[in-house]
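This report describes a single chain fold and the surroundings of its ligand. The sequence and the structure are shown first.

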Amino acid sequence: MEFVNCYADASRAGAYARLEFANTYYLAYRDLSAILAAHVTGTRALDFGCGTGRSTRLLRTLGFNVTGVDVSEDMLRIARGVDPSGDYRLVPGDNFAELDAGAFHLVLCAFTFDNIPAADKARIFRDLAKLLAPGGTIVTIVSSPEIYTHEWASFSTRDFPENAAAQSGDLVRIVVTDHEDRRPVEDIVCTGESYQAVYREADLKVIQVLEPLAKGDEPYAWVNETWIAPWVIYVLRRA
Ligand SMILES: C[S@@+](CC[C@H](N)C(=O)[O-])C[C@H]1O[C@@H](n2cnc3c(N)ncnc32)[C@H](O)[C@@H]1O
């Protein structure tokens, strides 16, 4: 069965555009500014899988000169509408020929690899690495396998008990409860071991791995976030 990117959908794009940085998503973005300050020199950034531009606009507020790219025109249309001065481009088939190779100090991938089939991950990382300036950094935020088998402030998986039997590379389902579109998102679950194998295949070195947990004093109704990390953040460089 061919995997279909569920974000190529105008109604889902409209719902996604209303998400900001609250609830479980807060933990994905909470440490990003500090991570970038520690690992990135230079301001030219590519936001790979920019969606409706949430991650791109955040990078812009942090002082980066950002190009956002995505395979979904429905998502990009909204990104351009919200941020008319931003640079948002369609990259059909992940063809990066129109992007400047060797120019980017940072490539951010915020949740993008959750939607990329296992067979394509290493090739795409390898192509992204070619876009990096010398010493450039890839930061990729992905869902932990545990996100698909627990309940969260922003997500529910209780209707998908079959997720528990999913192997790395299998399709899993999750509902975003922060917006009104309750159709499940279809992702590809990927274990830490599988990501490490992908990075080796793409000649990328893992500089840091973060699994952000909530402290408990945030203004959100945490469910499992104080003891199970919903996200994994990898900091990568060319080997
Ligand atoms: C969950 S959204 C995240 C959007 C944004 N980064 C954010 O943090 O709000 C994932 C995005 O990745 C995009 N995407 C999925 N596969 C892609 C691919 N192969 N190349 C580029 N973008 C892709 C989807 O279209 C979607 O817009």
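Asp94 has 15 other C-beta atoms within 10 Å and is therefore partly exposed. The burial classes rest on C-beta atoms placed from the backbone: a residue is buried if 20 or more others lie within 10 Å of its own, exposed if 12 or fewer, and partly exposed in between. Asp94 belongs to the loop between E3 and E4, and its phi is positive, at about 50°, although the residue is not a glycine.

The model is predicted; local features need pLDDT of at least 70, side-chain atom pairs count only at pLDDT 80 or more, and totals for chains, interfaces and linings use all residues. Residues are numbered from 1 along each chain as its sequence is written. Helices (H or I, at least four residues) and strands (E, at least two) are DSSP runs, numbered from the N terminus.

A positive phi is also found at Asn23, near 55°, again in a residue other than glycine. Asn23 lies in helix H2 (residues 23-29). Asn23 counts as buried because it has 23 C-beta neighbours inside 10 Å.

**The seven-stranded sheet**

Seven strands form an open sheet with mixed pairing, in the order E3-E2-E1-E4-E5-E10-E9. Strand E3 (87-90) and E9 stand at the edges with a single partner strand each, so one side of each has no neighbour in the sheet. From one strand to the next, the twist averages 20°. Two strands count as paired if DSSP finds at least two bridges between them.

| Strand pair | Sense | Bridges | Bridge partners |
|---|---|---|---|
| E2 (65-70) and E3 | parallel | four | Val69 and Arg89 |
| E1 and E4 | parallel | three | Leu46 and Val107 |
| E4 and E5 | parallel | six | Leu106 and Thr137 |

How many of the residues of E4 are buried? Seven of its seven residues are, and the strand is thus mostly covered.

**Helices on the sheet**

Helix H3 (residues 32-39) lies across E4, E5, E9 and strand E10 (231-238), and runs at about 15° to E10. Helix H6 lies across E1, E4, E5, E9 and E10, at about 145° to E5. For these angles, axes are lines fitted to C-alpha atoms, for helices over the stretch in contact, and the angles run from 0 to 180 degrees between N-to-C directions.

In H6 (residues 118-130), the buried residues are Lys121, Ile124, Phe125 and Leu128. Seen down the helix axis, these buried residues fall within an arc of 105°, so they line one face of H6; the arc is that of the directions from the helix axis to the C-beta atoms. The exposed residues Ala119 and Lys130 are on the face turned away from the buried side of H6. The buried residues of H6 pack against strand E1 (44-48), strand E4 (104-110), strand E5 (132-143), helix H7 (192-201) and strand E9 (204-210). Residues are in contact if their C-beta atoms, placed from the backbone, lie within 7 Å.

**The loop between H7 and E9**

Asp203 is placed in the loop between H7 and E9. With 12 C-beta neighbours inside 10 Å, Asp203 counts as exposed. Leaving aside neighbours within four places in sequence, Asp203 is in contact with Arg126, Ala129, Arg238 and Ala239. Of these, Arg238 is 35 residues from Asp203 in sequence, and the two are 6.2 Å apart in space, C-alpha to C-alpha.

**The three-stranded sheet**

An open sheet of three strands has antiparallel pairing and the order E6-E7-E8. Its edge strands, strand E6 (155-156) and strand E8 (185-188), each pair on one side only. Strand E7 (residues 171-176) runs antiparallel to E8 and is joined to it by four bridges. Leu171 has Ile188 of E8 as its bridge partner.

**The ligand shell**

Which residues come nearest to the ligand? Of the 19 residues around it, these are Tyr7, Gly49, Gly51, Arg54 and Ala110. A residue is near a molecule or strand if its C-beta atom, placed from the backbone, lies within 6 Å of it. By class, the shell around the ligand comprises nine nonpolar, seven polar and three charged residues. In this scheme Ala, Val, Leu, Ile, Met, Phe, Trp, Tyr, Cys and Pro count as nonpolar, Asp, Glu, Lys and Arg as charged, and the others, Gly among them, as polar.

Notes. Two residues are in contact if their C-beta atoms, placed from the backbone, lie within 7 Å.
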